[in-house]
Amino acid sequence: MTLDEVRQFYAEEIRVAAPLRSRTVWEAFARVPREKFLGEGPWQFGNASGYSPADDSDPRHVYHNVTVALDMSRHLCNGQPGTIGRLIDELGIQPGERIFHLGCATGYFTAILAEVTGPGGRVVACDVDADLAARAKENLAQYANVTVHAVNGVEFDPGPCDVMLINAGVTLPLPAWLDRLAEGGRMAVPLTIPMGPPTIGKGMVAKITRRNGTFAASILTYVMIYSCVGARDPQLEPALGKAMGTGTLMKLTSLRREPHEADESCIVHGTSICLSSAEAISSSTSA
């Protein structure tokens, strides 16, 4: 099979595994050359027992629904395409939308986002690791609709956004991100607690949608992912861990931002944001 044929087959594999509903997302996976974003081969592929090496540097090896190591010493990888592809698909990106991608690493999924929003849209990407951000900037040079910043996303203002893909684990979404989410905007954000290596967390990805100043929310999938530097709250982590362990987090319906006393609907009750099972209500603190 030619490399183009392999990419088409790979995209079909992602379409089924994710599953993907959007043909635009499926076609983006068929076009973007994954090997360009992975560094020199032979590559190491993630599996249930760790990583296994490819036989050689044939780029056709990377077109499977597996993680690929970027830096094994830091447990850093290019994520599983089916998992990230599903998140992109769930965000329902339309041509011309403004997207913020936090945790872009070397830029592969940023390229997918850029393809989906098209030349009329905009993708603002960032990574706290300056070396990764530099690689992403080089890898994405052909995309006029992408800008890459070497910065901590907690401290960065991406401007108004229609879509946010937060590719790092947090305890709760940051108020600044919610403030920058436009009316009708959608965010995918991993809610995680630490595990194993101190930089890795496990948890669930939430989808948040802004509607008339309120924030509806739901759980999409389980995840294991790097933690977002500066976006962890050790005081709330026990409550989040309990909500995951008991299954209560699956009842997530909204983010409440208005001041209120903790009640039975509060899944994780923070001072500025509360994960709640109650219906979303308007908040005067929303931007």
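In which sense, right-handed or left-handed, does helix α3 pass helix α4? In this predicted model, the crossing of α3 with α4 is right-handed. Helix α3 spans residues 81–90 and helix α4 residues 108–117; their axes come within 11 Å and cross at roughly 35°. On the side of α3 the contact is formed by P81, I84 and I88, and these residues meet F109, I112 and L113 of α4. By class, the residues of this contact comprise 6 nonpolar, no polar and no charged. An α-helix has 3.6 residues a turn, so residues three or four places apart point the same way.

The surroundings of α3 extend beyond this one partner. Of the 10 residues in α3, 8 are buried, and the helix is thus mostly covered. The buried residues are P81, G82, I84, G85, L87, I88, D89 and E90. They pack against the helices α1, α2 and α4, and also against the strands β8 (161–166), β10 (200–211) and β11 (214–226). Just after α3, G92 adopts a positive phi of about 55°.

Two packed helices are described by the angle between their axes and the distance between the axes. For α1 and α2 the angle is about 145°, and the axes lie 8 Å apart. The crossing of α1 with α2 is right-handed. From α1, the residues R7, Q8, Y10, A11, E12, I14 and R15 take part, and they meet W26, F29, A30 and R31 of α2. This contact includes 6 nonpolar, 1 polar and 4 charged residues.

Aromatic pairing was examined next. The model contains 6 aromatic pairs. In one of them, Y10 and F29 have ring centres 6.3 Å apart and planes at 70°; with planes over 60 degrees apart counting as edge-to-face, the pair is therefore edge-to-face. Because Y10 belongs to helix α1 (residues 3–17) and F29 to helix α2 (residues 23–31), the pair ties together parts that are 19 residues apart in sequence. Both Y10 and F29 are buried. Ring pairs also link these two residues with F37, Y63, Y108 and F109 into a cluster.

The strands were then considered. An open sheet of mixed pairing is built from 10 strands in the order β7-β6-β5-β8-β9-β10-β11-β12-β14-β13. Its edge strands, β7 (146–150) and β13 (266–269), each pair on one side only. On average, neighbouring strands of the sheet are turned by 25° against each other, direction ignored. Within the sheet, β8 and strand β9 (residues 181–194) run parallel and are joined by 4 bridges. In one of these bridges, C161 has L181 of β9 as its partner.

Helix α5 (residues 130–139) touches β6 (122–127) and β7, and its direction makes about 165° with that of β7. Helix α7 (residues 237–246) touches β9, β10, β13 and β14 (274–276); the direction of α7 makes about 90° with that of β9.

Strands β1 and β2 form a further pair. Strand β1 (residues 44–47) and strand β2 (residues 50–53) are antiparallel and share 4 bridges. A hairpin of 2 residues connects β1 to β2. In this pairing, Q44 stands opposite P53 of β2.

Notes. Residues numbered from 1 in each chain as written. Predicted model: local features only at pLDDT ≥ 70, side-chain atom pairs only at ≥ 80, totals over all residues. Heavy atoms only, no water. Pairing = 2+ DSSP bridges. Axes fitted to C-alpha atoms, helices over the stretch in contact; angles between N-to-C directions. Left-handed = near helix turned anticlockwise from the far one by under 90°. Contact = heavy atoms within 4.5 Å. Nonpolar A, V, L, I, M, F, W, Y, C, P; charged D, E, K, R; others polar. Phe/Tyr/Trp six-rings, centres within 6.5 Å; stacked < 30°, edge-to-face > 60°. Buried < 20%, exposed > 50% of the residue type's maximum accessible area, 1.4 Å probe, protein only.
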